[in-house]
Amino acid sequence: LAGQGALAAARAEFAEWLRGHRVFTLSSAEVRALHGGCLGPLVDSAFDRVDLEVPDGEAAKSLRQAERLWEEMASAGGTRDSRLISLGGGTVGDLGGFVASAFLRGIEYAQVPTTLLAQVDASIGGKTGVDLEAGKNLVGTLHHPRWVIADPMPLKTLPVRQVRAGLIEVVKIALACDCGLFEALERSSDRLDGGAPGPIAELVPRAIEVKIGVVEEDVEERGHRRLLNLGHTLGHALEAADGYRTLLHGEAVGWGLRFALQLALVRGLDDDVHRRALALLARFPVPPLPPLSIDTVLEFIGRDKKAREEGPVWVLPLEIGAAEIVSDLPADVVRHELERFFAAESEKS
Ligand SMILES: NC(=O)c1ccc[n+]([C@@H]2O[C@H](COP(=O)([O-])OP(=O)(O)OC[C@H]3O[C@@H](n4cnc5c(N)ncnc54)[C@H](O)[C@@H]3O)[C@@H](O)[C@H]2O)c1
Ligand SMILES: [Zn+2]
């Protein structure tokens, strides 16, 4: 369920889902302080409610946290028909899905995403996971939530920087798969700039619809769904090489999208389309590129989870709303374009 009033609209059916069941609610103290209240009316039909707390942000996504939660759930009398609700950003959602997928071999769960990124991306598709020392998201499962309730109400307290990072993922979805969504973004980009809630409330359900369409077509992630990795080959490498310090995920993807557009020029992307995409991205400013050497960036591109299996894969937007998966880009072309990209950006800043 997505859009204005989704929380209220979900209430009756949600009550049925929880009636007679024990419910675990999972959140960080920070998010619960802001939006814990919206769970109240949703869960009052459950016969017992147990609140579980995790550290805020990426620190939630560890096996240690998962194990502690499983112990707490077992001690609190959790059974096969207990339910779990994650309230928070993508971190709480990924951890909650992971915990639910393995507790007693799997219990039903719901997502109430409170960041834009979690609403349009992380909560859709059933991917769950935690981080290892060796890298992010290296352990996980596929476990679809029974419910995703994406209501724009909690987004009101989201810092502008987080809103913009989320909007960049919406641009990604549009550029890769849906020209209509791209045009809608262009039309409302004036009003989106400061993170105004009105137009966002309209775009979120649309972006979710597009992502669901892609995911449903390709549940195993063998084909079409990989288009959603647009901007992520360089994006993930930048985040990791920078030690997750200066860029939010969506911001790193913003740089990744710009670079994918430049690479796409090599494969015949039209100059005007290139300019048009850059113009939309410019509406959502991101911090400067971290000062990294090209060798470091290339090394991290090679380390990516997907690159480990089959070498670097690039998703190149060849038109608005139509991207292509390319795994045969010669390494020297990538290096040359990266050098140009970093040189041009450092000149600008
Ligand atoms: N499963 C997937 O398919 C998928 C896809 C994309 C990203 N992810 C994961 O999502 C995570 C990132 O998610 P995120 O960007 O939501 O980060 P996050 O969960 O860390 O949230 C970011 C910050 O926003 C705060 N916050 C949350 N809701 C708020 C609100 N309504 N008002 C004010 N502050 C609020 C949180 O306290 C946190 O500090 C990463 O771990 C990434 O791996 C998963
Ligand atoms: Zn992403």
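User: What makes the side chain of Thr91 a polar contact of an oxygen atom of ligand 1?

Analyst: The model is predicted, local features need pLDDT of at least 70, side-chain atom pairs count only at pLDDT 80 or more, and totals for chains, interfaces and linings use all residues. Residues are numbered from 1 along each chain, ligands from 1 in the order written, and side-chain values use heavy atoms, without hydrogens and water. A polar contact is a pair of N or O atoms within 3.5 Å. An N or O atom in the Thr91 side chain is 2.6 Å from an oxygen atom of ligand 1, so the pair qualifies.

User: What makes His35 a polar contact of a nitrogen atom of ligand 1?

Analyst: A polar side-chain atom of His35 lies 3.2 Å from that nitrogen. This is within 3.5 Å, so it counts.

User: Why is the pair of Trp255 and Phe341 called edge-to-face?

Analyst: Rings of Phe, Tyr and Trp (its six-membered ring) pair if their centres lie within 6.5 Å; planes under 30 degrees apart are stacked, over 60 edge-to-face, the rest tilted. Trp255 and Phe341 are 6.1 Å apart, centre to centre, with 80° between the planes. Therefore the pair is edge-to-face. Both residues are also buried (under 20% relative accessible area; exposed is over 50%, partly exposed in between; 1.4 Å probe, protein chains only).

User: How do you know that the charged end of Arg303 sits over the ring of Phe300?

Analyst: The rule asks for NZ of Lys or CZ of Arg within 6 Å of the ring centre and within 35 degrees of the ring normal. The charged end of Arg303 is 4.2 Å from the centre of the Phe300 ring, and sits over it. Arg258 likewise lies over the face of Trp255, at 5.2 Å from the ring centre.

Methods
A polar contact is a pair of N or O atoms within 3.5 Å; within protein, one must be able to donate a hydrogen and the other to accept it, and residues adjacent in sequence count only if both atoms are side-chain atoms.
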